[in-house]
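Hi there,

Here is the structure I promised to pass on to you.

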Amino acid sequence: MEPVIRVRSKTVVIPSTNIDTDQIIPARFLTTTVKDGLGLQLFADWRYLKDGSRNPDFVLNRPEARGAQVLVAGRNFGCGSSREHAPWALLDFGFRAVISTEIADIFRGNSLKNGLLPIVVDDSTSRWLLDHPGVEVDIDLKSATLTLPTGAAHRFPIEAFARHCLLNGIDELGFLRSRLSDIERYEAARAW
Amino acid sequence: MRTLFDKVWTAHEVVAETPDTPAVLYIDLHLIHEVTSPQAFSVLKKLGLPVRRPDRTLATMDHSTPTSTEQVFGNVPIRVDAAAKQVRQLEQNAAAFGVELFGMRDARRGIVHVISPELGATQPGMTVVCGDSHTSTHGAFGALAFGIGTTEVGHVFATQSLLQRKPKTFAVNVEGRLPPGVTAKDLILAVIGKIGVSGGTGHVFEYRGSAIRALSMDERMTVCNMSIEAGARAGMIAPDDTTFAYLKPKPRAPQGAKWDDAVARWRTLATDPGASFDASVDIDAATLEPMITYGTNPGMVLPIGGAIPNTVGDAAFDKALEYMGFHGGEVMLGKPVDVVFIGSCTNGRLVDMQAAAHILKGRKVAPGVRLLIVPGSQETKREAEAAGYADIFKAAGADWRESGCSMCLGMNGDTVAAGQYSISTSNRNFEGRQGVGARTLLVSPFTAAASAVRGRITDPREML
C-alpha cells in the first residue's frame, strides 16, 4: 500500500446527516467481483437523474468539486452496511479524506484499511467547514492535525496502529501474519 | 466481575491490545457469501495463501440470488448477469479453497444469518464474523458477532484472526412484559428510536432484563440483528435454557458428553452480578406499542398510532420527509401501501412466518397490493410449508418464494418501484434501499400482514 502522510485539498460539502453506505454506493452495484471502477457509481442515486444524465444540482457534478480530495459531511457518516465498496468508491472518485463529527465504526475501519482518512472533528469545526465549502484544508497524519485556512489547527483522533500502517504503507495483513505462531499457540492451548 | 462481552473477548485474545497495537482476536466461525468475498479470495490468490481454517468457514449465497423458483430450481438462468457471475465465482472459490458451500440448490441454503443458527453452527461464547453488518444477529446466542469489511474477510481467511480494538459495553435493560401484538421487532425499533442511529457507536450492546429473557431464540435474533441500526457493531444476550433447548437438536451442536461440557461452560458466560457497563438505557416493555418508521433511517420511528413530528429548521429531517412524501403532523394509520415484504435476516424465521399466517388466515390481500413473503432459508420454507403457513399465504394471494435477502436490499431482481410505499419487515429504510426511489416503512410481521389485508397502514392489534 502507498503511504498516506498528508492530504492538502479543497473540500466538497454534503451537509446531510446519517449518510449511509447505501447512498455512498447503492446495493445494485455490489454485484461486482473487483474493487476498481466504483467511482462512477459513487452517490449514484443523488448524482444521476432518472434518464441517467448527471444531476446538475448535486455538488459532485459541479465544476467546483473537480479535483477535491476532502469530503465534509454531516453527522454519522458511513452508517449502515459493512460494504467496503463504500470507501473503494470514494477513493476511486478521488477522495482521500472524509470529515464529520461522527463516523460509523465499520466504515471507519474499512476506510483506514484502504488509505481513506476518516477525520472526526468537534461540532464547531464541523459547522465552520459545512458553512465554508471549497476551502483549502491541510490534513497532516504525522501530527494528526487538521489545519483550516484560518490557521486554526485541530488534533483529530486516529487509532495508533492504523496511523502507523498508513504513514509507512504497511499492510495490516503482513503484521497479522507475523503473529501466526501466537495464533497457533492459542489454538493448541484452547481446551474447547 | 465481568460482563458477557468481557468474558467472550478475553477468551479470544491471542495477543492483548497495547496503546500501540490492537488485540489479535481469534475468530471461531467465519461466514461468507457471494457479495463481499470475491475480492478477499483474490487477495489470497495474489499472495498464494490458502484459507487457513476451512473447517471454521461456511459459505452460502443469499444477497444477489433470485427468489423465483424457476431461477433457483428450474432451467431459467439468473436474470441479472453480474449476479450470476458472482454466484459462479463463489462456487469456484469455495471449490478451490476447500470451503463448505451451501449452493443455489442446496436444501440448507438461505440467508447467512438464518442458516448458521439453524445448523447449530452459531454457539454461545463464540466469536463470529461475516462480511455483512447484520452479523450482530448471532449475538442472540451469547456469541460476540460483528460485521467486517472485505479486507478483514481476507485477514480471517489467511489467519483466522482479526486486529481489533476493544469496544465499550452498553446495557440495554428491558424489563416487564410485551403487550399482545407487540413483538421483538417493535422492541428493537423502540430502542433505536430512543438512543438514535449512532447511539451505540463504539459499543457492544448487551440486551438484559425480563422482557429479553422471555423471548424465543427467533425473537432474540430479531433484536440482536438490528443492533447495527443503532450504530453498535454487536449486540449480545446471555445464553440460558431457551438457548440450550434451541441448540440441542441442531445438527452441528455438540453431541453426547461434549454437549454437557459445553452447556456447563456456556452457563458461566452470563454477566456477573454487579459488573458495570460503560453506558446503559432502560426500556419498560409494558409501555411499548407496534412501531413504524416514517423517514429514511431506522431511528425515525413512531408508535403506529402516532403522528409524524413537526420540526422546524432541520434540513435532514425535511429532506427525509420529502423523499417519503410525508408532512409533519400527519398520522401514519390509514396511509395507503403498494408493496408488503415479509422476510429478511431480521424477520424471515419461522416465528415471523407464524405471525404472518396468524393474521392472514382466512383473509385476502387487498386489491392492488403486492405481498411478497420470502422465508429466510430453505429449511424455514419447508417448516412453514409443513405447518400450513404457506397454504395460508397462497390462499391470501401472497407470493411465496425461495429463500434469500430478496427485497430487503433489491440487488436480486426483487425491487420496489420509484415512489411506491413498501411496508417491510426488513431492517433499513434508507433512500433507495429497496429500489431506486422506493419508500420503505419498517414494521413487524404482524403489522406488515395486517397492512397487506387492509391495503393501508393498520394497527395489527385490531386483527389479532
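First, some housekeeping. This is a predicted model, so please bear in mind that local features need pLDDT of at least 70 and side-chain atom pairs count only at pLDDT 80 or more, while totals for chains, interfaces and linings use all residues. Residues are numbered from 1 along each chain as its sequence is written, and chains are lettered from A and ligands numbered from 1 in the order in which they are written.

**Chain B overall**

The C-alpha trace of chain B spans about 60 × 55 × 45 Å along its principal axes.

Of the 464 residues in chain B, 60% count as buried. Here a residue is buried if 20 or more other C-beta atoms lie within 10 Å of its own, exposed if 12 or fewer, and partly exposed in between, with C-beta atoms placed from the backbone. Among contacts in chain B with a separation of 6 or more, 75% are between residues 24 or more positions apart; two residues are in contact if their C-beta atoms, placed from the backbone, lie within 7 Å.

**A parallel sheet in chain B**

Five strands of chain B form an open sheet in the order 5-4-3-6-7, with parallel pairing (two strands pair if DSSP finds at least two bridges between them). Strand 5 (100–102) and strand 7 of chain B stand at the edges with a single partner strand each, so one side of each has no neighbour in the sheet. From one strand to the next, the twist averages 20°, using axes that are lines fitted to C-alpha atoms and angles that run from 0 to 180 degrees between N-to-C directions.

Strand 7 (residues 144–147) of chain B is covered on both faces, with Leu144(B) and Phe146(B) buried on one side and Ala145(B) and Gly147(B) buried on the other. Four bridges join strand 7 of chain B to strand 6 (residues 127–130) of chain B, and the two run parallel. Ala145(B) in strand 7 of chain B stands opposite Val128(B).

**Domains of chain B**

The domain assignment, whose bounds come from an automatic or database source, gives domain 1 (4–164), domain 2 (168–242 + 262–287) and domain 3 (291–462) in chain B. The centres of domain 1 and domain 3 of chain B, taken over C-alpha atoms, are 28 Å apart. Their contact takes 23 residues from domain 1 of chain B and 21 residues from domain 3 of chain B. On the domain 1 side, helix 5 of chain B gives the most, with four residues.

**Chain A**

Which residues of strand 3 (residues 97–100) of chain A are buried on each face? Ala97(A) and Ile99(A) are buried on one side, and Val98(A) and Ser100(A) on the other. Strand 2 (residues 70–73) of chain A runs parallel to strand 3 of chain A, joined by three bridges, and Leu71(A) has Val98(A) as its bridge partner. Eight of the eight residues of helix 4 (residues 105–112) of chain A are buried, so that helix is largely enclosed by the rest of the structure.

**Where the chains meet**

The contact takes 55 residues from chain B and 45 residues from chain A. Helix 6 of chain B provides the largest share of the chain B side, six residues. That side divides into 21 nonpolar, 24 polar and 10 charged residues, where Ala, Val, Leu, Ile, Met, Phe, Trp, Tyr, Cys and Pro count as nonpolar, Asp, Glu, Lys and Arg as charged, and the others, Gly among them, as polar.

His155(B) lies in helix 6 of chain B and counts as buried, with 25 C-beta neighbours inside 10 Å. Leaving aside its neighbours within four places in sequence, His155(B) is in contact with Glu172(A), Leu173(A), Leu176(A) and Leu162(B).

Best wishes
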